[in-house]
Amino acid sequence: MSVNFLISQAKNIQIVIDENASEIEALDQNIGDGDHIFNVQRGLKLVVELEKDIKNLPLQKSLNMIAMKVLSGIGGSSGALFGTFFMSMAKTPDLDKNVNFSKACEMIITGINAMKERGKADVGEKTMMDVLIPVSEKLNELKSGNKDMKEGLSEIIKIAEERMLATKDMLATKGRASFLGERAKGHIDPGARSSQLIIDTICKSVINQ
Amino acid sequence: MKKFINNVDDFLKESLNGFGKAHADIIKVNFEPNFISRKSKTKEGKVSLISGGGSGHEPMHGGFVGHGMLDAACPGFVFSAPTPDQMQAAAEHVDSGAGVLFIVKNYSGDIMNFQMGAEMYSGKNDSIITNDDVAVEDSTFTTGRRGVAATVLVEKIVGSLAENGGSLEECKKLGEKVNKNSGTMGVAFTSCTVPAAGKPTFDIGNDEMEFGVGIHGEPGRKREKIQSSKTIVNNMLEAILDDLKPQKNEKTLLFVNGMGGTPLTELYLVYDNACEILKSKGIEITKSLVGNYCTSLEMQGASITLLKCDEEILKNWDAPVHTAAMRWGM
């Protein structure tokens, strides 16, 4: 993982999120208040705009700058959670050395663990963590390098999609949708959908490299 | 969407600019990071109160910055929690050394961002979380009840105690008492439109109402056909009384809050209906507040908040206050 990788992924993700913006907005209006997509779009724009400031910086420093940008520029739950994600990724040890696949897995796992801690949400609560936690668990298996990387990433794509779809029939116990009780059932969680799209985009891009 | 807008991206900035100009005698608006603070410095030894949340609930919270209430307010984008750097900067700006009490409405985004702000602020600080909305079931395993209109009462009452030298611990304790003693129920007749979205947050029929609505247009307990005001008010009060269980002849404050799009004429009618119903149940209304204080953009609707009052609460409610949206006694 390099700063260039982060920037190019942010650009890829921005395209995919923009393509699916109206779907995510509609999901949020069903069970939330409709701000999630704007927060995600604002965050991606801020990260993409950071390119000139971070492209020549060491990985750890640019992750910290992304974290502060995301934290101060988005707001809402997404800002706090994604800010926490990047801030914790930056704390992974030995980032000044070559960051190989195994290290990159470790960084993402660290980031997702910190999000879980910050949001105090676990799987089954109809949030983005329903997608991210299983993905993190799978990355933990792949980290050792005993398995073919591309095969592993294809599995992650599948897991993310299944878990995103599974939020449809859940009762929400965390986040804005939790106020709805039974009425939240039958709707996919917008945060789970945006997270799944992000995971899907990154994995596909790595597989096709 | 029909709104006074030049450019969606400038919506908040221009609104804050206007607020700063209109109330330059009381407050000052700081940009990047955004926060509203009192014009004058916090006096030494006084605990600072800071609140904040998404914009779109005006006058909450910026309209409550001033003598006897808040020291600073951090406005986020419309309906989005403010960011930790705003809380950190506001705390650094207003803290006189006696500590900072953050007043936070119970929404996941607000909780997380305020928590991070508090972690980033090196001075002494504590937080209270308001969760007065009886429309939502409370549970330790869930996000729990929403913090809505009673936040206004918490800010006024704790603000008075802080102004009169209450310590951080005493302020927190009083805030928690006010929160525990209050219950709120809201009803919406129409949706609101978030400027960035450009269309209403939810669809609702001409003859329908959302019972138990939140302050962001998020759905409530149920969708119903609209009924007479007396019936609606009765159902709202029933939900509140069920939760608060006030004693006979217990003193209360009755707060009828407009969601932004309902005229005061109707709010006073609601107040009248609520008074009659409460009187018939032997509940004494000692204090009143009627108006648009905790709004949801242009949504039509209202919430009713009942606060059980003891002498400490009553004394601090009556104390002088001078903010953009609330002023008496001075």
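Predicted model: local features only at pLDDT ≥ 70, side-chain atom pairs only at ≥ 80, totals over all residues.
Residues are numbered from 1 along each chain as its sequence is written, and chains are lettered from A and ligands numbered from 1 in the order in which they are written.

Stop 1: Select chain B and colour by secondary structure: you get eight helices and 15 strands. Helices here are DSSP runs of H or I with at least four residues, strands are runs of E with at least two, and both are numbered from the N terminus. The C-alpha trace spans about 50 × 50 × 40 Å along its principal axes.

**Stop 2: the two domains.** Now colour 16-181 of chain B as domain 1 and 182-308 as domain 2; such bounds come from an automatic or database domain assignment. Their C-alpha centres sit 23 Å apart. Where they touch, domain 1 of chain B puts in 21 residues and domain 2 of chain B 29, with contact meaning C-beta atoms, placed from the backbone, within 7 Å. On the domain 1 side, pick out α4 (150-163) and α5 (168-180) of chain B, the elements giving two or more residues. α4(B) gives the most, with four.

**Stop 3: chain A against chain B.** Show both chains. Here 27 residues of chain A are in contact with 32 of chain B. On the chain A side, α2 (21-31), α3 (36-49), α5 (59-73), α6 and α7 (101-119) each supply at least two residues, and α6(A) gives the most, with five. By class, this side has six nonpolar, 14 polar and seven charged residues. Ala, Val, Leu, Ile, Met, Phe, Trp, Tyr, Cys and Pro count as nonpolar, Asp, Glu, Lys and Arg as charged, and the others, Gly among them, as polar.

**Stop 4: one helix pair.** Zoom in on α6 (residues 76-89) of chain A and α3 (residues 108-120) of chain B: their axes come within 7 Å and cross at roughly 45 degrees. The axes are lines fitted to C-alpha atoms over the stretch in contact, with angles from 0 to 180 degrees between N-to-C directions. For the residues in contact, select A:Gly76, A:Ser77, A:Gly79, A:Ala80 and A:Leu81 on α6(A), then B:Ser108, B:Gly109, B:Met112, B:Asn113 and B:Met116 on α3(B). This contact has four nonpolar, six polar and no charged residues.

Methods: Contact = placed C-beta atoms within 7 Å.
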